Amino acid sequence: MKPSNTTTHLWIMALIILLGLGLIVQGGYMQAKAHFAQFLIERAFEQTLVDNQPHKPWSWADTHPVAKMRLLQHNAQGTQALGPDLYVLAGASGRNLAFGPSLMLAGAGVGEQGNTIIAGHRDSHFMRLQYVNVGDMIELYSATGELQVYQITATQVVHETATEVLDQTENSQLTLITCYPFDQLSGNAEYRYIVEAKPMV
Amino acid sequence: MYWLGRESGLVMQLGYYKWVISLLLVIFTATVQASPSGATDDDITQGTLVYFAKDQVIQALAMDTQVSMDVSGLLNRVTVKQVFINDSDQWLNGRYVFPLPENAAVDSMQLRIGDKIIAGQIQPKKQAEQTFETAKKQGKQASLLQQQRRNIFTSEVANLGPHDKLVVELSYQQTVEFNDGLFSLRFPMAITPRYHPEQSSDKDKQALEVAYIDPTIIPNQLSEISSAQGIKVSMKVNIDAGFALNSLDSLYHPIKQSVNGQRYTVSFDGKQIADRDFVLQWQADVGALPQAATFYQTGKTHSVAGHSDDNIATNAVDQSVYSLVMLMPPSVEVSEQHLIGRELILVIDTSGSMSGQSIVQAKQALQFAIAGLRDIDTFNIIEFNQHTSMLSPVPLTATSRNLGLANRYIASLEANGGTEMAPAITAALVDTLQPDAVNVRGESMLRQVIFMTDGAVGNEQQLYQLISDQLGDSRLFTVGIGSAPNSDFMRRAATMGRGTFTYIGKQTEVKQKITQLLTKIEQPVLTNIGLYYLDGSVPDYWPSTISDLYQNEPLWVSIKSPSQLLQPIIVSGNINGQYWQQQLDFTDNQPARGIDLLWANAQITALELYKNAASGPRVNKQVEALGMQYHLVTSQTSLVAVDVTPVNPMSDTTIDAKVQSHLPHGLQVGNQAQVLPQTATSSRLWLLIGFSLLGLGILHYLWLRQRLPGQVLVLETNA
């Protein structure tokens, strides 16, 4: 009786550990992808700054970096960058979002007049958006190396159907989109956190 | 031993049970805590107006709309009277967002205060806004008419007194639709609360905020509600078609009609709720169909206003002749033998950005397109991501064997990789037609390229160049797939490819839209259309690129000629590959009013179609100049009317009120097609569950090895 019992236990144990490892690999892969792809994207962006040509971060990529973004926060110690620099990809498809924050092509381009819209994942790149406040600054470097500084004017939570945040505006504006709430674990979010920023002159 | 086994089994089971429960609890609480605190009721949807917002009652204005139309031949002059009614005891500023037909040239607005009529002046948009705001602050009554998008306008009134009304009367000019021998006109009466991302409409976000009557607050039986709420429309249409009518119907509204000779009058049976478009259709008696019609007007409808004192040069009267030409190409009999075969090249984007719903839709569209092929047709499928591959090196005939092959090919497509569109366009536009590719009657085949993509490309200018260089005799039809395709790129690519752009937003639309497109382009009647004078010079006509005409489609073109002398104009094109031309002598030219407005409007439409980030400021200037010159409400110009005397002593405290639009009939609130991008993954959930399971496994291992605290004791006592 006992040997077979022990074997069963071993089997169950092995199964549970394997399943656990599998899930860890899957979740970890997503996180690792989000983290390490940024280095490749950074390299492509540096190349773009040098020769003004779009460069793919990896040879089979469907996109290219279009901007570098930095969040700046005021506090007692002065102005500090919030997290490492982010490199923005062209086209907010699900695939691109896994590697970096992405520029929505329906909006204005980086540095163009109109509403520039960047979406990012709440569980990786745009996790830091939960710490931003109205008045904080966003630095956006275009692919030609030009810097535009934006100041956050509003944050709001909207339903996922509130597509009016994608509307084009006459004056320049930067709109950041990520899922809300930030601490929700599952992937299907119904609400979005919107950060609106206006250029500083 | 046996006992131990049983006991331990029980303990183990209990242990697991606890563990699983606590694990579940962790996940559950995490999810629950995560649910948004501020937005608990999920009923709030886009465009719904809540009555109490920020502790302040939002006033809803009542609105009465009176529409009168004068149809003369193919022209329609429409006057819309909007009566803003204030039922409250306060002074109000009113605002109403309303739709007008896409081809409407809005050229006049009047503000009526009692018996007084103040004519609206055309001003650049910003200046008009300032004029209006100043009047509002000074307590003067004023009205402002603005274009928000191509077909959406707002009218605003300032300082509307308690229990008073103000009337804004606007007029527009349009042409009547004429297709398949059927005349029709449409007056839109509801705005669908759905957003189409269009780069050409860079408008203020606030301006388009349509307030809808919330169906959860007001029950659907609007007719039972007092006349103070809701938008009522009365309609009167006079039709002087120039011939006897065979039928005259309104599609969605009950109407009364009367006839007096060849003049028909149609009116609403009472007032109607503005929740669906008004569509009127009529048909001529057999044989009375016009083959060509020309209308002309000398000089402008509105002389240049506002500059009479500071600019003497503009006083010179415009002597140009504006004409409008409607031409029916000779109809081609469609018999079995006359059917022209076509070579259908289907191009599908299988790049990574298409993954998910988009590729599913695109594959379905391909299958429907293939299913619609006839046995005289040939076809090929081109797939591209960073590589381009084809179903077959040469186009295949539409035999059942080849169709089966194609269907298997379609099923195997997967979205992956980059987007290199240029080689695919080159491959699609390469003329694969054999010189002997003719049908039984020796007519050459058509070559049509259907391009399905989400248009996520960076090198647009280069692609436009490629298309215009390599088009040849092919026609390029673009089909936009997915929730947010780059429609600006696709619309312009289609215009350059002399085809059309179709947008498929939902999977349920795929079949209908693809079938519609394929049926429409089955039989082009007239291609390569051009206009010129007898001496070979080209008149100033719009639209400047005329797309192919298909069966029973008339050609509309607006022309501006420099002087009184109307030269004959030659319209040329190809019918079934043979040269065709027709001379327009303007002998049967009918004088009409408002032709200059249509000409200017056609030019503005063409200008805005080609607008992009680089040409934007220049196009805006051109549109503004045209708007000012022809007294038109455009994206850059607005009409504003201000009364002289201030009437409101407390203009600072005047409340802003909106007129609420009705939701289109049959539309479900909250059932929107488009959503913001999904910006979350379950990675953290997987990690949490993964680590929990791993911990569980390790604990189990330790338990088996009897290394858990407390276990050792049990072992010892047993031994």
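**View 1. The loop between β8 (173-180) and β9 (191-199) of chain A holds P181(A).** The peptide bond from Y180(A) to P181(A) is cis, with omega near -5 degrees. Strands (E, at least two residues) and helices (H or I, at least four) are DSSP runs numbered from the N terminus. The model is predicted: local features need pLDDT of at least 70, side-chain atom pairs count only at pLDDT 80 or more, and totals for chains, interfaces and linings use all residues. Residues are numbered from 1 along each chain as its sequence is written, while chains are lettered from A and ligands numbered from 1 in the order in which they are written.

**View 2. A cis peptide bond joins W542(B) to P543(B).** Its omega is near -5 degrees. P543(B) is in the loop between β30 (540-542) and β31 (549-550) of chain B.

**View 3. Helix α10 of chain B covers residues 616-630.** Buried in α10(B) are V619(B), V623(B), G627(B) and Y630(B). Seen down the helix axis, the buried residues of α10(B) fall within an arc of 85 degrees (taken from the directions from the axis to the C-beta atoms), so they line one face. P617(B), R618(B) and K621(B), on the other side, are exposed. A residue is buried if 20 or more other C-beta atoms, placed from the backbone, lie within 10 Å of its own, exposed if 12 or fewer, and partly exposed in between.

**View 4. H631(B) lies in the loop between α10 and β36 of chain B.** H631(B) has a positive phi of about 65 degrees although it is not a glycine. H631(B) is buried, with 26 other C-beta atoms within 10 Å.

Terms used
The expected span of a helix is 1.5 Å times one less than its number of residues.
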